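Welcome! Open your viewer, and let us walk through this structure stop by stop.

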Amino acid sequence: MIRNLSAWHIIVLVLVVLLLFGANRLPGLAKSVGQSMKIFKTEVKDLRDDDKRPDEPTEGTTPPKV
């Protein structure tokens with residue numbers, strides 16, 4: 001679907017976005033989208049790190065003696 005986009009499609013899409021949100025609100029909108037993406041990336045990284053960590057002993061249990 002994205003392969004079929006031409007320059008005219010992109011221009012019309014930009015004009016529609018400008019009409020809907022207005023030029024004054026676009027920088028704030030871009031900032032909030034960037035912050036949301038940053039939060040999303042850190043959460044995904046935390047989930048991947050959780051999978052890589054070995055199981056830690058829970059509280060109240062003693063580690064096995066060697």
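How many helices and strands are there in the protein chain? Color the chain by secondary structure to find two helices and zero strands; helices (H or I, at least four residues) and strands (E, at least two) are DSSP runs, numbered from the N terminus.

Before going on, a word on what you are viewing. This is a predicted model, where local features need pLDDT of at least 70 and side-chain atom pairs count only at pLDDT 80 or more, while totals for chains, interfaces and linings use all residues. Residues are numbered from 1 along each chain as its sequence is written, and side-chain values use heavy atoms, leaving out hydrogens and water.

Now show the surface. The protein chain has about 7000 Å² of accessible surface, and 64% of that belongs to carbon and sulfur atoms; accessible areas come from the Shrake-Rupley method with a 1.4 Å probe, and for residues only the protein chains shown count as cover. Of its 66 residues, 0% count as buried (buried means under 20% relative accessible area, exposed over 50%, partly exposed in between, with a 1.4 Å probe and protein chains only).

Next, select V12, L13, V16, V17, L20, F21, L29, V33, M37 and F40: together they make a nonpolar surface patch of about 890 Å².

Zoom in on α1. Here you will find L13, which counts as exposed because its relative accessibility is 55%. F21 also lies in α1, and at 34% it is partly exposed. Leaving aside residues up to four places away in sequence, F21 touches L26 and L29 (contact means heavy atoms within 4.5 Å).

Conventions:
Patch = residues over 30% accessible without salt bridge, like charges linked within 9 Å, V, L, I, M, F, W, Y side chains within 5 Å. Salt bridge = Lys/Arg side-chain N within 4 Å of Asp/Glu carboxyl O.
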